[in-house]
Structures are given as structure tokens and as C-alpha cells.
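Open your viewer and get ready to select residues by number. We will go stop by stop.

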Amino acid sequence: MTSGLLGSIKSLVQQPLSDTSGHSRSAGFEDTKMGQHPQSVPDWDNLKVIHKNTLPPRANFYLYDSEKDALTRDTTKARTHCLSGKWKFHLANSPFEAPPGFETSSFDASKWSNITVPGMWQLQNFGKGPHYTNVQYPFQVDPPHPPYTDNECGSYVTRFRVPKHLENDQLRLRFEGVDSAFHVWVNGQEVGYSQGSRNPSEFDVTEFCQVGEENVLAVRVYQFCDGSYIEDQDQWWLSGIFRDVFLLGMPKKVHLENFTVQTVLDEQYRDATFNVDVETSGGCKVGIKLLDAERRVVVDATKTVSEDKRSSADFSIAVDNPEKWTAETPYLYTLVISLDDDQFTTQRVGFRQVEIKDGLLKVNGERIVIKGANRHEHHPESGRTIPYEFMKHDLLLMKTHNINAIRTCHQPNDPRMYELADELGFWVCDEADLECHGFETIEDKALPEDKRKLPFAERQRITRDDAAKWTSDNPDWKDAYVDRAKQLVHRDKNHPCVVIWSLGNEAFYGRNHTAMRDWIKSEDSTRPIHYEPDQDAEHMDMYSRMYPQISEIIDLAENECKKKQKPLVLCEYVHAMGTGPGNGKEYQDAFYKYPHLQGGWVWEWANHGLLTKTADGTPYYGYGGDFEDVPNDGTFVMDGVLQSDHSPNSGLVEYKKTVEPVQMLDGDGEKVNIINRFDFATLDGLKCVWSVVCEKGAVGDVGGELGLPKGIEPGCSATLTLPKVDAKIDGETYMLLSFRLKEDTLWAKAGHEVAWCQTQLSPISKPQAAKLETGEPLKTSVKATTLLIANNKSEWTVDIARGTLIGWKKHGKEIVSQPLVPTFYRALTDNDIPQDGREWKEAFLHLANTQTRSVKWQESEGAVTVDMEQRFAPPVLSWSIDLTTRYTFGSEGSVQIHIKGEPKGKNLPKTLPCIGVTLGLSPSLKKAEWFGRGPGESYKDMKLSQKISRHVVQSVSALWTGPEYPQDCSQRTDVRWVRFSELAGTKSSITAEFLEPGEPSRPTTFDFLASHFDVKDIDEAGHQYELEKTAQEDVIVRLTADHHGLGTGSCGPKTLPQYALKAEPFEFRVLLS
């Protein structure tokens, strides 16, 4: 052993000291002849301990000293004191290694690090992680026991003084959310313990606090507890005090404990009974006052309750025809509750009634269609700690994109979110903090080998019952399950936005779910209950499905739903991972055709990328595996219609179009038929603005407002007669009808576009190349394997060995920088990878290339034709696409490429990603303009949100949509022509268009993708910053006659058959000029 190593070891070992008996012992150690560790079962590993000394769950409210202050709903004026801010923090590997005595007033934590509360400690540079898993548990699975080591333990300390306005009150500590469990001490005395990460916990700390002096609040937070087994949601494992902490004041003599508000409508859904149950800590005079939106008194009543320790006052008051609350018309009243005229609170009230009636989910007697989003709580820098403005931005984005419903996947959200949802108008499916998906992995891997070969859905059906036995159907876990139902309902029961209770997510089905349902029904009979794993709706009020085939839900709607008289909702559908999703319109069409199909919630709202940096400081959004988190589920956390910074991506834009409230049924150049897809509102709040676009762009001085018929009721259609366009317009022309808000709303200004449609006024015009002037006759010359074709306008170079166009000069300036080659592959999208993309890779499609067997050329009437026989094929396998290619070079400066293909051979993939050509253009040709769908990306099953018009970008880079996990993206569809040109200088350009194969004079639509990235580089990059390193100066252009749809194959059905590109004979013509 080296002296250096020995010295290091000695420095870590305390020297032994002699005791009175002559033996030696190390400092800090105690003599013991026997012992036990731990000395007792820890609370965080004890199913019998869910809470210790917590107060009963209650509605979320604050007390104020006056009605005026209460009506502001400003918590800084309430009997409350926020303790959030900078706290002292220490992190240990396990609860047993946390510093002892830290909770005492004398403990010196001044040298500890600072941490921000609320916040997650992994995102403040403490501990391991963050760690992402979707299904699998990241720790040893031994329920109910969490890990005893590698179970990080955060010790928090802060100091506070009781504010003067709370000095005479009962004092309560309220934690809105702590992940995953925690103990609390005040001034060295243990207050209690609680678990249930996304639920509030409240403690009476009156006897522990010292008024007029500084108090020490100490909290010990455990990364994992027994409750972690039922908090296995598809999200980052993050820890800490992640929501606000409050010191609340409640008058000692008597105070408000809880209250419940319910509105019951009569059979005509006109008049209402207003029910309010007020619970107090003792006898007092209880007053309720209901104010309308203009603060006029609608109800004013008082009751005196007895001097019992806990009393209640029940009010039931008739209200004549109140304004009704819906997600479209969120009219709110304000309830003021007073006790003895010296304490007040308010609750906003919406008169609405939710029920399952006639087999349908109805609100106020009307069937609703859920156009929703699954919203995880996520911030790219602070995780589940969500700043209020960021949260508000989310909900405003939802409203401006026609989303009317939120599923709080998979736990109760920040309580402030429900206030916003009440105000802005959303149907909320409020979900309990419960998921134990990881047991499915265990049971799946335990299947016999023959059953493990079955499709996942079939294996899932086999393992469901055994997976439930771990916790969901285990009576030992009943209290833990029911507690989460109680926490959910008590906190959120008074919000009109909450129209459905959900028992959680992906926890199979067991007796404990039945117990949850029974408790909820006993507490709140005014809302239906949802839980997707109850596949046959034996216990729930509705059927629910995740990622089903459209044919499956139609069959369910027409059969089982009708038999049981229950609706079907899709709690998750159109999985929005990467580029996509596709096929959204077909689901929406089914929702309106089959009444029992009542919509769903897109999965999901936002990517969960966390902002981090590479070693050289380059910022990027990380996913599973980027934080040394093993095991992980990689990019599956990046599956939203927003990027990680919560900016919209193409999926949200398409979803907005799919669920828009005004839709065109059909139309021509004279009239269009529209339908109102609102559930409650007429179209009177909208105006219709018309305009005209053509190949040259918007037609100036043409357009105006088109009157809408009054009172178009929900579900009703109307015919709009289009104005005549007198202007002389050349080429293809469309009329655009834009439906916009007439007036400002809480979520958008007047003029905001909620829906639009286009109808064609004149058809596609002649090709762009037809407008070129003829040049001198073309001449050919050959040198070795290079064929040169030239005249006074153009010079083309053809590699006759490889059968490619490798150069093109216009007036002496090179415009083609990389060979033009046939293209049948794309960088795999997330939706390609598990299904069709897997087949493409197995067929080595990504490694296939083109071999040229023969080339013939001929001059004729001033033009030149070059005919090629080619074979596109991979290594290893024998399948191929035999190609017959003809280049026709014209003296006017155009080249037409006519390609016929015949796929054949063994191992031929059933589908192809695309059919077309790719070439590289000079870096100077970076301006792009086109006539077709835009300005955003589109694919054949995700294109309805893009308007047909002339679009221009000054740089090809602006076309790149930049998915955070690189993949094929940024394509534009239904294009008539696209032109790439210089911004300055000679303004060289190249224009591409496609022609009908059998009718060369007639243009047809096509797709293009232009970027600075090669398909191989896109396919191999794991992050956008990695892809950026491969960027080329050249402009890489893909021109395709057809392509394979996107679908939702990352978690759901692949693209529908009508959008699949089958490996069948094909033919197309490309015209470049």
C-alpha cells in the first residue's frame, strides 16, 4: 500500500479513544451489545401510515377579514402567509444518512446550500437524475417496501415569524404538493407525516409555534415511499417541495372548516336549486350571498348553527333561470360565505348539471363532444413546479386552438389551474394521483415463451388480473387508494369545470378501485366517474379507450354502448410523438356520426424535455438517458403537441383545424355549406371575412365581410352564398372564408381566427415552364462517363455510369451541386419506427441505392432525351424497384424527368416511405416560394390546417420545424410549384413542378422538403444540436410524387390504408426549369 493511499485512508478514520475500562472506541460511537436497524418500521415504509396528524381534506379556500377583500381573490389580502422562497437544504443518499437533529432550533444549517421552494431538487443541481421512465419502476420492486438506500432524502429548513394578523388564530401549515413523502417539525417538535405527492397536506401547528419569536420549520422529504408504487406515471421522477407552502390563520373561536356547492337543474334545465353545505368548527351565524357577474345579489341567506364542536349549515335555495355555465359560455357567479360577519371566503359558481342520460354524457341536457388534451404539469426548467403565468399561457393556447377539455393526467393539478379553467371554460376530467403501470412489465416478462410472442394488446389482456394483485386488488392497499379519491374530491369538488372524476391511470382494475368509486358516489353524486382499465364499463359510468382503431370504437358505439346505455370517450388518442400525428380528422368525423362516441383527449399537451447543456455549453432539451438515468424509456417523454418550451408544433395546429367549431361540409365557386360544431353556442359571436388567393398571392382590393345567418344553432348547417369576384385573375384561385371573433374574450382579442375553409374558384393552370422562351438547339458531347448537354441558356452534366444529373448551369452559373437521384426513403419518424419503419429497416431500405444498367441519348428537334434502365435495391436481400427513367432536356432551359417503377422480388416491403427524387442545390439558392399548402409542414394525413396559397421564406432554414428528436419533418404537400432562388446578384433560380404521367401538359400536385440536412444524418442524430453539426451549405431538396402517411404508430394505429404508400408499380413526371 502506498503511503499516499494510506494517508488518505487515515484521514477518513477517526482515531480511537480510550474509555475507563481500558478498551478503545471511535469518537461518536456508542457501546452496544445488541441492536436493531431501523429501530422501528419507518412511516415511509408502512402501509398503515398514510398521514399522521394531518387535518381532514377540504375544499381549497382562504379566509379574509372582509367581503371586499374576499371578492378580490387576492391571497396576499387573506389570512395567510406564504413560506415559499429560499430555504436551507441538505441531501443524503438515504433517510438513515440524513443529518440528525436538524429539526431543532439550535441546529446550525447556515452552511447548507440554498434551495428554492417550491422546486424539484434534481433540477436545482442536487442528487442523481432527473430520471425518466414510462412504465418500469426505477428501483427494486418489493411492494410495499421502497428502497432503503439510493432513496434520496432532502432536509429542508426555514425560519419564519407569525405575522401580526395571524397571531391570535389557529395556525395551519399547508403543503400543496411534496414528492413523495415527508415529515414536518416546528421548533424541534414533530408535527406529523404525509404522503400522496400531488395532493395537499395540512397540519394544525398552533401549539408548536411561538408568536412574536422566530420559528424553525424543518421538513424531511423522501424520494421514494410505499406510495411510490402507485405513483408510477409516465413522467420524470422528481422530488421535493414542488408546490407552495402556506401558514394559514383560522379564527380560534370559530372558523370555516369546509363547504360544498352543488347546482341542480330542473327537468327543463332552466331553473336551479342552489345547494350549499357549510361546515364550521362551532356555533355561529353563517351567511351566504350569491352575486352575478355584475356583482348584483341573487341569493342572500343566513342560518345560525349550534355550539357543537363541529357544525354545519345546509342551504337549498331556488334560483330562477340562472345563466348556465358551459365550456363555451363560462358564466360565473360568486358565492360569498361569511361567519359572524368577521370572516369571509368566496367561491366562483357555475350553474351546470352533468349526467349520463339516454346513454350519453350530457351537460345541461345537451350531448357534448370532448375536444381535449392530456396535460401533464411540466416546465422545461422547473419540472412539475409550474409558474402561474406559464400555466395560464398553457390554457390560453388551448383556448386559441379550439381545445375545450383537459384531462389532468395523471394527478390533480396545481389548484390555481382549476380557477383558470372555471374562468376560461374547460371541461375537466380530474384524475386521482394513482398509477402502477410497472407491474405490467413484471407480469409480461413472466409469460411463457409462446405467449410472449403474442401482440402487446393480447398479452396485456392476459396479464391484467395478475398485475392487479400487487396493489389494485390487494386489500392491504385499500386505504391508500381511497385516500387518493378523498383528496381529489374534497379539494376540487366546488369547481364547475370539473365534470368527470377519474380514478387514475393504468393501474389495472381491482377491488380498491371499486372502493374508490363507492366512496366518491357517496360523497358526490353529481359527476360521472371514469377509469379506462374498466374495459367493459361494469363499474364506471362510461367506456374509455386508449389509442384504438377507428373501426373498434365504431363497433363499440354501435353495440356495447347501446346495450349498456353508456358513452365512450378516448382518454388518450392521436399520440403526438414527433412529426404528426396523422389521421385526426377520421376520429373527429366518427365522433359526430356516432352519438355514443363523445370525443377524447389528445396525448399529449407538451414534450417533457428538460433544458440542459452539452459539455461545451450548447443548450438542448434532454430526454430519458440524457441524465445518466438507467433504466429509462428514452424519447417516449417527447410526445406532445407543444415543444418542450411550450411553443406550438404542427400537431397542435392540425388539432386546432380538426376540432374547429365551424366546418365546411361541401362547396363550389358559388356557395358553401357550413355546420356549427359548438355544443351550446350559436355562431352569432363570429364574423366571416372572405378573401381571394391565387398563384401570385393574396388578391389585393378583393374581399370583405360575408354576413352569417343569425342563430345557427349547434349541430345545424347553413348555406353561404359566395360573393362574385369581378377582378381578372390568372391561374388557380381560391376563396378563403375566415371565421373570427366579433368581440374580445378573456382568451383572445376580436379578430382571432377560430376556423376557416377554402373553396376553389378556378383550376390548376398550365406549367410554369410553358412560359419560358425557346433557346438555341441543344447539342450533346461525351467524355469518358460524362455526357454534356448545352445551348446558349443551359448546360447539363450527366454521369452516364451512375445515371444521375450531376450539374446544371444557367447562363454560366451552377445551380445543381449534388446529383439528382431517385428517392424512396425518409428519415424515420417516431410514428414510423415501431411499425412500418421497422419493416423498412428490416428490408434494408435505408441502405438501398440505384444501379444503372444502360443509358441512351438522342438529339431531336432541338431537344435531347436520355433514357436509362436502372435498378434500385438494397444489399443482402433480393427485392428491387426496376426503374425506367427518361430525361427530356428542352432548349428553353427545362428538364423533364419521367420515371416508371416496378417493385418486385422476395422480402419486398409492403409500403414505401416516398416516391420521388432528391438533389442538392447551390447554397445561394436559399429563398423558397411555392404555391400549395403552407406555411407550415404537412403530410397526406396531416395537412388540413395548411392553407393553399403562395408562400415565401427568405431562407430554407426557416422551413425546418426542428423536432427535438430529429426525424423526417418539414414537408409541404399539395404543391403546384416550388421555386428556389437567390436573394441578390443574378437571382438565379430553379422551379420544380410535377405533371400528369399520361398527360404531360397538365400539372399535378406534389410534395417537397428542403433543408440543409442529409437524410442519413437526420436518421442518425439523437438531438437537434447533433444534427446541426452535420448541416451542409447546399440546399437538399426532396421532390415526391407520393409519400406514406404519418399515422400514430408510436403508440396507436399506424396510418390508415387510404394514406399508405403501397409498394406497387408507379409513374411520375418532374419538370425542372
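A nonpolar core is a set of buried Ala, Val, Leu, Ile, Met, Phe, Trp, Tyr and Cys residues joined through side-chain atoms within 4.5 Å. Buried means under 20% relative accessible area, with a 1.4 Å probe and protein chains only. Before selecting anything, note that this is a predicted model: local features need pLDDT of at least 70, side-chain atom pairs count only at pLDDT 80 or more, and totals for chains, interfaces and linings use all residues. Residues are numbered from 1 along each chain as its sequence is written, and side-chain values use heavy atoms, leaving out hydrogens and water.

**Stop 1: the cores**

Select Phe-426 and Trp-605. In the largest nonpolar core, which has 100 residues, these two touch the most other members. Helix 8 gives the most to this core: six residues. Now jump to Val-978, Ala-1010, Val-1035 and Phe-1068. They are included in a second, separate core of 60 residues.

Go back to Phe-426 and show its contacts (heavy atoms within 4.5 Å). Leaving aside residues up to four places away in sequence, Phe-426 touches Trp-325, Leu-395, Ile-406 and Cys-497, among others.

**Stop 2: two helices**

Helices here are DSSP runs of H or I, at least four residues long; strands are runs of E, at least two; both are numbered from the N terminus. Select helix 8 (residues 478-492) and helix 9 (residues 511-523). Their axes come within 9 Å and cross at roughly 35 degrees. Axes are lines fitted to C-alpha atoms, for helices over the stretch in contact, and angles run from 0 to 180 degrees between N-to-C directions. Which residues in helix 8 and helix 9 meet? On helix 8 they include Tyr-481, Val-482 and Val-489; on helix 9 they include Met-516, Trp-519 and Ile-520.

**Stop 3: a covered strand**

Select strand 33 (residues 543-546). Tyr-543 and Arg-545 lie on one side, Ser-544 and Met-546 on the other, and all are buried. Two strands pair if DSSP finds at least two bridges between them. Strands 33 and 34 pair in the parallel sense, over four bridges. Look for Val-569 in strand 34: Ser-544 stands opposite.

**Stop 4**

Strands of a sheet pair through backbone hydrogen bonds, either parallel or antiparallel. Finish at Lys-671: its bridge partner in strand 42 is Thr-721.

Notes
Buried < 20%, exposed > 50% of the residue type's maximum accessible area, 1.4 Å probe, protein only.
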